[in-house]
Amino acid sequence: MNLLFTLAAFALALGLLIVFHELGHYWVARLCGVKVLRFSIGFGKPLWKRRFVKDGTEWVLAAFPFGGYVKMVDEHEGEVAPKDIPRAFNRQPVYRRFAIVLAGPLANFLLAILVYWALFVHGVPGIKPIIGPAPAATPAAVAGFRAEETIININGEATATWQDVRWILLQHAVQKSVVNIEVRSPRGEIAWHKLDLSGLTVSDLDGDFMKVVGLSRYQPQVGPIIGQLVTGGPGELGGLKPDDEILAINGIRVTHWDNVVQQVRSHPSQLIEFEIKRGKQHMRISLTPETVQDNGEKIGRIGAAPKIDRVALQRLLTEERYPIGPALSKSLKKTWDTSVFSLKMLGKMLVGEISWKNVSGPITIADYAGQSAQVGWQAYLSFLALISISLGVLNLLPVPLLDGGHLMYYLVEIIKGKPVSEKALQIGQHVGIALLFILMAFAIYNDINRLITG
């Protein structure tokens, strides 16, 4: 069921992104007077096709949905009827061809803006940016951060949620910057900390860089009482039940849920003994935590979650909501920042400052689609906007076969005053195929590696 749900969430996201991208090409082509022969979602054998107007565009749903295309009348791709020659793509001025090609990626950015706009108007749930204790010797500890301080802004950029803190710090971490962070203490006192991110390595950015920095969300102390158990997990199969209070593990007394987590994580595939209190009864239960991978480290897990004080939890939650005007401004900024950051990440991958492990393929993207959909519609829409931006950025890269490659040819044509030669187009096509093949190979390798290592 989870697999089917993930595939459905992925298919829906992919379909929406492709439709919006191709509609960008289609709409501008029609505005420029170019005749569109076919609008196809997917490649290969058509599963469904319909022409709503005689001599109009043929709408197609094809067998392989990993892409799509808009086919326009073009003398380079076949014989054109004399009456359609003025409406052929290749007969249009270069600025019109440029606009038609550019419209696809711009449509993806527009989709992201609209999604973020709707989310910011409706309200985006988040966690207040209250920090927990900074481990000794970490950059956060050196900077003087204290538990329960609330981060107000980073280098003057407001932080309404913990997600904002992570996103802003990630951008500065990639640049290895030193940032000024304004905080508010539990008593309302304002202070500033200077956080040095220059010491982060490539491997730090591959994993949980916030853990390396020493910043974590504040979490109120949770008692060692079981709230939920994963069906079929080691905890349930071993005999634990909701509302069991854990008193000790392997004879070591526990007073907080963190103690439970520490003991379980440190005993992967090893038999451990729980001393519990169930009602008025004291019992001993032995079970073996399953082994899972966490950032390359083998840890134990029993599939248990603590009983949470809902009132205390609500105090840590917030909602980021804006009026229509500010929400639009916020959505434009978020789309722009994400696009620029994507390009910076790509540049740093090319020079070796960031690992190519960050490149994700269809398996990982599908997994994220399923996970975000399970969290809720807001998380799913945020995922959709992020992938739409990534698709827009990818298509603007000056790689032959991509929209950016065609735009590159048109820029050369504008500068030289004549189109790029057929020989140069053929060479570019071969180069483009090779580059895309290498990129896809990296992405699929990373997908498989994530599946194997967790």
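This is a predicted model: local features need pLDDT of at least 70, side-chain atom pairs count only at pLDDT 80 or more; totals for chains, interfaces and linings use all residues.

Student: Which residues touch the most other members in the largest nonpolar core?

Tutor: They are Val34, Met72, Phe89, Ile100 and Tyr116, out of 39 residues in that core. Elements giving two or more residues to this core include α1 (2-31), β1 (36-51), β2 (58-72) and α2 (94-122).

Student: What is Ile100 in contact with, leaving aside its neighbours within four places in sequence?

Tutor: Ile100 is then in contact with His25, Val28, Ala29, Cys32, Val34, Met72 and Phe89. There is also a second, separate core of 27 residues, and Ile131, Ile154, Leu200 and Leu205 are among them.

Student: Now for helix α10. What should its 27 residues span?

Tutor: At 1.5 Å a residue, helix α10 (residues 324-350) should span 39 Å, and its end C-alpha atoms are 39 Å apart, which agrees.

Student: Which of its residues are buried, and what covers them?

Tutor: The buried residues of α10 include Ala327, Ser331, Thr335, Phe341 and Met345. Their cover includes α2, β5 (157-158), α4 (162-174) and α12.

Student: What follows α10?

Tutor: Gly352 follows α10, and the phi of Gly352 is positive, near 85 degrees.

Student: On to Thr150: is it buried or exposed?

Tutor: Thr150 counts as buried because its relative accessibility is 16%, and buried means under 20%. Thr150 lies in strand β4 (residues 150-154). Apart from neighbours within four places in sequence, Thr150 is in contact with Pro129, Ile130, Glu182, Val183 and Arg184.

Definitions and conventions:
Residues are numbered from 1 along each chain as its sequence is written. Side-chain values use heavy atoms; hydrogens and water are left out. A nonpolar core is a set of buried Ala, Val, Leu, Ile, Met, Phe, Trp, Tyr and Cys residues joined through side-chain atoms within 4.5 Å. Buried means under 20% relative accessible area, exposed over 50%, partly exposed in between (1.4 Å probe, protein chains only). Helices (H or I, at least four residues) and strands (E, at least two) are DSSP runs, numbered from the N terminus. Contact means heavy atoms within 4.5 Å. The expected span of a helix is 1.5 Å times one less than its number of residues.
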